[in-house]
Amino acid sequence: MLQHSAGADGTAITHANPGRVGIRSTLPVTRESIPKGLFRFFLIAMILFGVLLLAAGCLITSVYSTGSQEALGSSEEHAKYKKACPDYRHYAVIAHRPFSDGPLGLPFQRPDVHCRTFHSPVVEKVIAHVTSRMRDKDLARIFENAFPNTLDTTIRWHVDGTGKEARNKYASSWGQWQGAQSFVVTGDINAEWLRDSTNQLLQYQGLAKKDKKLQTLILGAINTQVEYVIESPYCNAFQPPPPSHGPPVGNGQDDAVHPAYEPSRVFECKWEVDSLAHFLALGNQFHNSTGSRAYLRDRYYTALETVLEVLDEQSKPTFDPETSRFQRPEYTFRRTTSSATETLNLGGVGNPLANGTGLIRSSFRPSDDATILQYLIPSNAQISVELRRTSEIVRTAGKKAMAERLLERANGIEKGVWEHGVVKHKKYGEVFAFEVDGYGSAIIMDDANIPSLLALPLLGFCDVDNKIYQNTRKMILDKAGNPYYLTGRAFAGVGGPHIGLQYAWPMSRLVQAMTSDDDDEIMDALHAVRDASRLGLVHESINVDRVTDFTRSWFAWANSVFAQTILNVAARKPELLFGKNAEPFLIEGV
Ligand SMILES: *[C@@H]1O[C@H](CO)[C@@H](O)[C@H](O)[C@H]1NC(C)=O
Ligand SMILES: *[C@@H]1O[C@H](CO)[C@@H](O)[C@H](O)[C@H]1NC(C)=O
């Protein structure tokens, strides 16, 4: 029953009503009629059973309706179907037909067309092109499910900025919430992470020029992030924008955070440098793929000022370099929890950091776990790259002073990464540390979440054949070198403290494939992820001993990274996916 499409569920409601009436009139008859014959009893029992089934169907449908996905478009037709759309959290854990032709027979997990949250003809075209050519039909099925997953399921609210919403009551003389807006949720939680949403949209950037609506969707995502960053630049996850009238959700935690934030606007407020790096990346990627400057508005420049201010604050050492006195950092975070990675020690401050490194403090990692040493190298590397890219773009837009300030900050951070983030390892030689404190201490490990050390070339920080990166890569992908490289009978990969010591993340294997030139390594990684995706979608983490034990059936970011990996391999090494002598597939060429 759960597998029914929206239309079928809708129909079930109408049929259920006469059934309910029927049960009332048959019940008294039943008692009297039992002695009259077994046949009659049997018949009535059957009717009762059927009615019960219908009633159950009705109940399930109404549960779904409360958590239903927003279908876009205001047509009455859509509104009608929307009501009957199942909650994708439940939909994603049940295998839907038709199954793929490969040996795994993977299910088709796209929601019914009426329940999808955004439609793009050019995205459909890419799916058709790529899947028809892929030889591995199971991998093709995951691509078919994963590539559109963000559009299908996570665009909770979108306005193109031309309607009356553009002059909503939240729009002030400063231009708040004006123009296109897009609220992109992470999947199973009705909140938007800056990091996730940027990465969720990344595989569509190359198509934005060909589909005006898709372009406006991404433009809206930038504008929405602009408002989030201006309002609460230290926070990582946000509530539905006020003009959407979406109800805020609680995160169920008891947090004491400084600076204080408004819980109706912010879902969670963990300070992670990469949140701001991803904010910059979204605009930079959009500019790179479309050439559009539509997002370079006053509000965007206000957000850039905010970013620079926060980076200034978070580059301060723990002790005043002149007086040696402890200086309380602007940001502190304490949570009532029994998990050490969910809060900061020393009263919400975190471990001390040295002066003069050029690096930026990050209280949390992209996994949302607390850092041990707060100069988190992958995140610092990423923001140095994005600051430089933004600097170039605003320079061409004539904002010379802003461009200079962004560039200066980018250079300082980059220098800090090479100076303080590279350490000498007994076995692997010079490697990037995961975290440092500027006093000489270093945490040697990698975490699966992006930005990671493994992803440094993808982020544009260094070439894939950089010697230090290659040393680091060997270390990260070695059980003896990275405490969070997890292996078992069924799966292997980088994990992290977020889920625990038996769960490796498919995302790390995908990054491994994208940063490799070795055909066997690439295919091994793709096959491992394929074999751990029995529901046709990519999970957050997999029990290394049992692939059917996983976390998060609906994790849009992981699906996007899978799609990016297939497109990456299709462009670089098409023969691995499409067979001998295949032409490279470039998404821009569709
Ligand atoms: C810009 O787009 C091209 C083509 O899509 C891509 O190869 C390149 O990495 C992008 N550069 C940046 C800075 O995002
Ligand atoms: C602290 O670091 C800055 C560079 O950021 C440097 O100019 C200054 O001399 C340092 N202060 C001390 C006391 O080391």
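**Exercises on a predicted model**

In helix H6, the buried residues are Asp138, Leu139, Ala140, Arg141, Ile142, Phe143, Glu144, Asn145 and Ala146. This is a predicted model: local features need pLDDT of at least 70, side-chain atom pairs count only at pLDDT 80 or more, and totals for chains, interfaces and linings use all residues. Residues are numbered from 1 along each chain as its sequence is written, while chains are lettered from A and ligands numbered from 1 in the order in which they are written.

**Exercise 1.** Find what the buried residues of H6 pack against.

*Solution.* Start with the terms. Helices (H or I, at least four residues) and strands (E, at least two) are DSSP runs, numbered from the N terminus. Buried means 20 or more other C-beta atoms within 10 Å of the residue's own, exposed 12 or fewer, partly exposed in between, with C-beta atoms placed from the backbone. Contact requires C-beta atoms, placed from the backbone, within 7 Å. The partners are helices H5 (121-133), H7 (149-153), H17 (519-531) and H18 (556-572).

**Exercise 2.** Locate the cis peptide bond between Arg97 and Pro98.

*Solution.* Omega is about -5°. Pro98 sits in the loop between helix H4 (88-91) and H5.

**Exercise 3.** Do likewise for Ile450 and Pro451, joined by a cis peptide bond.

*Solution.* Omega is about 10°. Pro451 falls in the loop between strand E12 (442-443) and helix H15 (467-476).

**Exercise 4.** Decide whether His245 is buried or exposed.

*Solution.* His245 is not a glycine, yet its phi is positive, near 60°. Its loop runs between strands E4 (237-238) and E5 (255-258). His245 is exposed because it has 9 C-beta neighbours inside 10 Å.

Notes: Two residues are in contact if their C-beta atoms, placed from the backbone, lie within 7 Å.
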